[in-house]
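Visitor: Please give me a close look at one thing here: what pairs with what. Keep it brisk, and state your cut-offs.

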Amino acid sequence: MTAYATRAGSHGAFSWTWEVRGVNGKGLDLRLRAPDWIEGIEPAFKAALKGQVGRGTLQVSLRVTRSDGAEALKLDEAAVAQVMSALARIEDMAQTAGHALAPTKAADVLTMRGVLEGGTPDDGGPELAAAVKADIPHLIADFVAMRAQEGAALSAILTDHLAVISGLVASAQAHLPDREAAQKAQFEAGLKRLMADQREIDPDRLAQELAQIMIKSDVMEEIDRLRAHVTAASDLLQKREPVGRKLDFLAQEFNREANTLCSKSGTKELTSIGVDLKVRIDQMREQIQNVE
């Protein structure tokens, strides 16, 4: 699920801004960008994240700045040249590999080790690191709260899809008597043609053929399975745990039964219901991709 959270703080001459953006993913992928001169940020973030988010791609950034005047800082031009050379090399390699990188900002370069001399970031000491880390649980709580809001909205959307699918399944079942009557009439008409041609008909063979026709055209099994899938999906939406993968699997099963229903339909009315089912199932599956 997509979500966003930000948090700002300060300690002495330093101020910082946390930012976290999350999009859906098959697993949990944390991409953290923070000044390397503040130790222990990534382990602290992973520890706080454990048990809070189980799935998604999280892009986290931490920006730290000083506020005590530029005169306390000295730019190491040799270090800057090395950084710029390395960045240029990385961009060339990415271009060769067919990848596009986000433009590097000057503020990003300033946070790299060795670029600034004099009033160095290390002046903040352990107290600065502790203050920055103290914001992490609050940041994650805000992020999780936003995910919960989106989750509630997605649950309502998926519930609506399931209600429509349930209605279509009921329509398919209601159509079965008319379908059976039409199949029976077609079979009797074909049998009369055979009798008119005075062909000798083996009663046992006729019974076998009729049984095969009935078995191949029976769609009650597909209808029962679709109804069971609706119940299972509805139950999953009530759980307070990650259910995205289970819902995705169920969506595949929904689609499989709808395809079989269409292939066995035998009437344009049942085919139309099957097509409507497939369209709605595809729409539901698109939304499921956003569920943790």
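Guide: Start with the contacts (heavy atoms within 4.5 Å). Of those in the protein chain with a separation of 6 or more, 79% join residues 24 or more positions apart. This is a predicted model, where local features need pLDDT of at least 70 and side-chain atom pairs count only at pLDDT 80 or more, while totals for chains, interfaces and linings use all residues. Numbering runs from 1 along each chain as its sequence is written, and side-chain values use heavy atoms, with hydrogens and water left out.

The protein chain holds 9 helices and 6 strands. Both are DSSP runs numbered from the N terminus: helices are H or I with at least four residues, strands are E with at least two.

Now the strands. Two of them pair if DSSP finds at least two bridges between them. Strand E1 (residues 3-11) runs antiparallel to E2, and 9 bridges join the two. Glycine 9 stands opposite tryptophan 16 in E2. The hairpin of E1 and E2 has 2 residues between the strands, and glycine 12 takes a positive phi near 60° there. E2 also pairs with strand E4 (residues 56-66): 10 bridges, again antiparallel. Here valine 20 has valine 60 in E4 as its bridge partner.

E2 itself (residues 14-23) has two faces. Phe14, Trp16, Trp18, Val20 and Gly22 form the covered one. Ser15, Thr17, Glu19, Arg21 and Val23 form the uncovered one.

A salt bridge is a side-chain nitrogen of Lys or Arg within 4 Å of a carboxyl oxygen of Asp or Glu. The whole structure has 12 of them. Glutamate 19 and arginine 21 make one, at 3.4 Å from N to O. For exposure, buried means under 20% relative accessible area, exposed means over 50%, and partly exposed lies in between (1.4 Å probe, protein chains only). Glutamate 19 is partly exposed at 25%. Arginine 21 is partly exposed as well, at 42%.

Next, helix H7 (residues 220-237). Aspartate 224 and arginine 227 both lie in H7, 3 residues apart, about one turn of the helix. Their side chains meet in a salt bridge of 3.4 Å, N to O. Aspartate 224 has a relative accessible area of 40%, so it is partly exposed. Arginine 227, at 35%, is partly exposed too.

A further pair reaches between helices. Glutamate 257 forms a salt bridge with arginine 225, with the closest N and O atoms 3.4 Å apart. Glutamate 257 lies in helix H8 (residues 244-264) and arginine 225 in H7, so this pair ties together parts that are 32 residues apart in sequence.

Last, the cover. In helix H4 (residues 125-134), Leu128, Ala129 and Val132 are buried. Down the axis of H4, the buried residues fall within an arc of 95° (taken from the directions from the helix axis to the C-beta atoms), so they line one face of the helix. Across the protein chain, 32% of the 292 residues are buried. The chain exposes about 17,400 Å², and carbon and sulfur atoms supply 53% of that. Those areas come from the Shrake-Rupley method with a 1.4 Å probe; for residues, only the protein chains shown count as cover.
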